[in-house]
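Please look over the model first.

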Amino acid sequence: MTDIQTLHILNKSPEHPRANRCMEMMAAGDGLLLTGSGVLLLATGQLPDASKVFALAPDVDARGLGHIAGNAISVDFTEMVTLTLEAQKVISW
Amino acid sequence: MSTLIMIDQPPYGAWTGREALDMAFSLAAFDQPASLLFTGAGVNWLRQSQDAGGIGQKTVEKNLSAAPIFGIEAILADRASCKSYGLEESSLIDGVTLVNNDAALLSEYDHTAFAG
Amino acid sequence: MSETASETFTLVITGAPYSSQAPETALGFAQAAVNAGHRIDRVFLYGDGVHLASALCAPPSDETHWPEEWSRFLADHSISGVACIASALRRGLVDETEQKRYELPAANLRHPFEIAGLGEWVEGRIKSTRTLYFHAGD
């Protein structure tokens with residue numbers, strides 16, 4: 001699917017301190033998967049440009065954000081499973 | 001297979017930090033290399049002279065100073081977070097190494113986890 | 001890594017039902033993993049996540065019953081579900097053994113969950129291809 005060093009799974013809203021920590025500690029080549037409240041990052045338009053960004057579709061749809069996915073790639077749970085296995089490492093923030 | 005346990009929640013007001021410490025101690029008990037990284041409000045765990053008797057809790061400072069005895073490899077603290085909470089190196093408990101929260105630090109560990 | 005190779009997962013849930021989305025996200029992931037031919041080695045409940053193993057949750061009938069959904073999933077796929085003993089005892093979740101040991105008026109651990117120590121997490125973390133965490137989102 002893609003070549004990812006570390007997959008960062010972020011389920012915190014953009015103003016949560018841990019969301020900032022996650023952004024600080026991501027490397028260029030890493031992937032960001034937004035789940036739960038994490039998908040609200042899509043609404044801010046502030047996606048990190050150095051990384052591949054994925055967003056869990058049911059969470060995006062639940063929050064009415066389907067139309068502004070921007071450069072984020074929408075994934076379902078099956079694709080999420082694949083992402084976690086393809087990345088070298090996974091960090092759940 | 002080294003693990004970094006991250007603590008970003010403050011002491012006493014939240015339980016997650018204690019539960020993170022238990023995770024690190026468990027890894028060490030099973031001979032799995034583990035280090036602790038305190039960051040954000042979590043660095044307040046590392047301040048000297050804590051006395052939690054008045055709030056009905058056990059002071060965490062003692063648990064932490066026991067960490068090396070239980071086989072925890074390193075107690076790390078984010079330099080910038082310490083600065084924002086007014087923590088000088090001299091006001092930290094013994095055995096803390098200051099580091100920078102960045103991708104290079106994460107790359108040294110196979111596994112990174114939070115307690116909650 | 002081939003998409004069809006069978007891999008193993010340890011899932012750690014630290015967010016409670018009805019105060020976080022963690023049990024739902026974890027279940028969606030677990031179902032997809034099983035459907036893709038992978039194995040869930042174990043599910044470990046930690047911190048507030050232990051509330052998922054309560055036999056006494058009674059949500060309104062038009063809301064998803066997360067403890068029931070999880071129990072059924074674990075039983076259907078013979079997956080071990082373990083609540084951390086230290087987290088569970090502090091939060092009032094006990095099996096019959098702990099009920100007797102502490103002389104408590106009732107036991108409330110939902111079948112097929114078990115209570116055990118953090119060693120279960122350590123073992124899962126060593127044995128599984130991936131260990132993933134499902135925290136509260138706040």
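## Sheet and helix packing

In this predicted model, chain B holds an open sheet of five strands, ordered E4-E3-E2-E1-E5, with parallel pairing. Strand E4 (96–99) and strand E5 (111–113) of chain B are the edge strands. Each of them pairs on one side only. On average, neighbouring strands of this sheet are turned by 30° against each other, direction ignored.

Take one pair within the sheet. Strand E2 (residues 34–38) and strand E3 (residues 74–78) of chain B run parallel and are joined by four bridges. Here Phe38(B) stands opposite Ala77(B) in E3(B).

A helix packs on this sheet: H1 (residues 16–29) of chain B. H1(B) touches strand E1 (3–7), E2 and E5 of chain B. The direction of H1(B) makes about 165° with that of E1(B).

Helix H4 (residues 77–86) of chain A meets helix H1 (residues 22–35) of chain C, their axes coming within 8 Å. The axes cross at roughly 80°. Angles of 65 to 115 degrees count as roughly perpendicular, so H4(A) is roughly perpendicular to H1(C).

Which residues of H4(A) and H1(C) make the contact? The table lists them by helix.

| Helix | Contact residues |
|---|---|
| H4(A) | Phe77(A), Thr78(A), Met80(A), Val81(A) |
| H1(C) | Gly28(C), Phe29(C), Gln31(C), Ala32(C), Ala33(C) |

By class, the contact of H4(A) with H1(C) has six nonpolar and three polar residues. It has no charged residues.

Terms used:
Residues are numbered from 1 along each chain as its sequence is written. Chains are lettered from A and ligands numbered from 1 in the order in which they are written. This is a predicted model: local features need pLDDT of at least 70, side-chain atom pairs count only at pLDDT 80 or more; totals for chains, interfaces and linings use all residues. Two strands pair if DSSP finds at least two bridges between them. Helices (H or I, at least four residues) and strands (E, at least two) are DSSP runs, numbered from the N terminus. Axes are lines fitted to C-alpha atoms, for helices over the stretch in contact, and angles run from 0 to 180 degrees between N-to-C directions. Two residues are in contact if their C-beta atoms, placed from the backbone, lie within 7 Å. Angles under 35 degrees count as roughly parallel, over 145 as roughly antiparallel, 65 to 115 as roughly perpendicular and the rest as oblique. Ala, Val, Leu, Ile, Met, Phe, Trp, Tyr, Cys and Pro count as nonpolar, Asp, Glu, Lys and Arg as charged, and the others, Gly among them, as polar.
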